[in-house]
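We will go stop by stop.

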Amino acid sequence: MTKELQEKVKQRLRRIYQDEKKEQEALEKISARLSKYKESKRENAGLSEKDSILITYGDTIFSEGESGIMTLERFLKNFVGDAIKSVHLLPMYPYTSDDGFSVVDYKKINPELGTWEHIRELSGSYSLMFDAVINHISKSSEWFQGYLQDKEPYKDYFITCDPEADYSMVTRPRSLPLLTKFDTVSGDKYLWTTFSEDQIDLNFGCPTLLAEIIDVLLFYGSMGAKFIRLDAVGFMWKKLGTSCMHLPETHEIIKLMKDILKAYAPDTRIITETNVPHKDNVSYFGEHGDEADLVYQFPLPPLVMHTFLTGNAQAISGWMDGLEFPEGGAAYFNFLSSHDGIGIRPAQGLLTETEQENLVKAALRHGGEVSYKDNGDGTTSPYELNINYQDALAGPEAPDEERIGKFLAAQTLLLSLRGIPGVYIHSLLGSRNDYYGKTVSGIPRRINRERLAYDYLKKMLTEDTNRKKIFDTLIRRMRVRRNESAFSPEAVQRVKNLRPGVLAFVRENERTGEKIHVLINVSGAAQEAAYKELKGRDLIGEREVLGRIRLAPWECAWVKEE
């Protein structure tokens, strides 16, 4: 470790622990871990319009007798090609519950998905995002089993709690008990379990544990991770008498990770996942790019859902108009759908309580479910909507033309916004609510986690189906996007307030001079948009535009100035 980095690390540790002994212990433990890796002088190439990320489990597409990663690579090669640059592999490690988010061993690959060699092969064609599920670990892990036996170094890896203490201020994402009792060789102990009794929270107050996790992140970088997603990172530091969310120590730990990765794996970026209101969410950018490289744009899914349910773009236009963008090469990770549901909390302050309640009612009406969080005072409130995004925008009684029209318009908006777009595999494949998967498992989120046989999917994407229509349209638009510098995350974004039924904004790359006017009819009625600067060629509709354009219901246009 260079002297410069060592000084940075010491300053971070001082702010984290505020204890000289722990600070020194952490420095020694981290230094020992870093000795296995080499520092690099490489510069990060930066993000561009060519960057887009496909979100998927390693076995969402499966083929009997073939590992999940091999099947995924075959699908990408045969159908996707260069339309997507990166792939986010949701937790690919051995696990015991929560569809991968209760990890048994951070450094092994689930045998059903393949091996590290398969990961390396895939990384030769696509940049990869790995999940770092580091707020908690499975109770079947070696770490936790060591804790139960009071073995070193594991006996301080977890958070032993007093069940009589006051936990009322702690933010709860689920309506399950916060503490779980376990039988250990030293007697019964209550441990902090934010998400479930099988997901035991890690104790970052333990210097050895912090060094262990930093080693995991560096290992991921060495195995080809270009992005590392820090799952549920806002819960990482616990302090009674607070919400235990977004604490200063949490931010310092992420900054420490950033400092170290920048020196040892400069091609690897950190992305934080915090399903919370916008102000808290964007705090993870830090200052001048010293924290997360990307932050999930959590308000986007509920805002876009509201926009297409109401046919009115005013709420999202107002939000976009006031949006501030990060410095230092950082960017928003824009997404509409993922393996999780549509978060409601990020819409607080952006949509009224009535508008939020209307989203809940629509999700239930359209075949979905609602997950609730514990408020700590005996009440609960909606946390997320569990529903496929296509079904979220239009109910089962809606004609295909309306549902697909809304869905493609929403996905086109996603591709147009400033930042890096993340497209969920089931959005790309035009999937619908998976009632069977949800019912059989009893897990609401499985409504949007269907597994698809490769041969079936191949048939659906080569015949005249709704899946093929959606897939082909999105692939074509993603290919157009990646060749337009106006869609760079550095290109500015200016909202044009035209009329409620039309969402309009301009993307302009001041370096190249390229400018694209984005116009999206969010309503079920034809709309006309007109303003003096609207001149050029529509890259979607392949037509010339001279100051005025007519948009059919849910039609989109990318008018490039020439």
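Select H246, which is found in the loop between β10 (225-230) and α7 (248-264). Helices (H or I, at least four residues) and strands (E, at least two) are DSSP runs, numbered from the N terminus. This is a predicted model, in which local features need pLDDT of at least 70, side-chain atom pairs count only at pLDDT 80 or more, and totals for chains, interfaces and linings use all residues. Residues are numbered from 1 along each chain as its sequence is written, and side-chain values use heavy atoms, with hydrogens and water left out.

Check the backbone of H246. Its phi is near 55°, a positive value in a residue other than glycine. Most residues other than glycine have a negative phi. Is H246 buried or exposed? H246 is buried, because its relative accessible area is 17%. Buried means under 20% relative accessible area, exposed over 50%, and partly exposed in between (1.4 Å probe, protein chains only).

Now select E542. This residue has a positive phi of about 50°, and it is not a glycine. Look for E542 in the loop between β22 (527-538) and β23 (543-551). E542 has a relative accessible area of 53%, so it is exposed.

**Stop two: a cis bond**

Select E152 and P153. A cis peptide bond joins them, with omega about -5°. Most peptide bonds are trans. P153 is found in the loop between α5 and β6.

**Stop three: aromatic rings**

The structure holds 26 aromatic pairs. Rings of Phe, Tyr and Trp (its six-membered ring) pair if their centres lie within 6.5 Å; planes under 30 degrees apart count as stacked, over 60 as edge-to-face and the rest as tilted.

Select F144 and F158. They form an edge-to-face pair, 5.1 Å centre to centre, with 85° between the planes. F144 lies in helix α5 (residues 142-148) and F158 in the loop between α5 and β6 (160-161), so the pair ties together parts that are 14 residues apart in sequence. F144 counts as buried, at 1% relative accessibility. F158 counts as buried too, at 3%.

Next, select Y296 and F333. This pair is also edge-to-face: 4.9 Å centre to centre, 75° between the planes. Y296 lies in strand β12 (residues 294-296) and F333 in strand β13 (residues 331-335), so this pair ties together parts 37 residues apart in sequence. Both Y296 and F333 are buried.

Then select Y93, W116, F130, F219 and Y220, which form one aromatic cluster. A charge sits over a ring if NZ of Lys or CZ of Arg is within 6 Å of the ring centre and within 35 degrees of the ring normal. Another example is R451, over the face of F62 at 4.5 Å from the ring centre.

**Stop four: two helices**

Select helix α3 (residues 68-80) and helix α17 (residues 466-481). They pack at an angle of about 75°, with their axes 12 Å apart. That makes α3 roughly perpendicular to α17 (65 to 115 degrees; under 35 is roughly parallel, over 145 roughly antiparallel, the rest oblique). Axes are lines fitted to C-alpha atoms, for helices over the stretch in contact, and angles run from 0 to 180 degrees between N-to-C directions.

Which residues meet here? F75, F79 and V80 in α3 meet F471, I475 and R479 in α17. Contact means heavy atoms within 4.5 Å.

Last, select K458 in helix α16 (residues 454-460). K458 and F79 are 379 residues apart in sequence and 8.8 Å apart in space, C-alpha to C-alpha.
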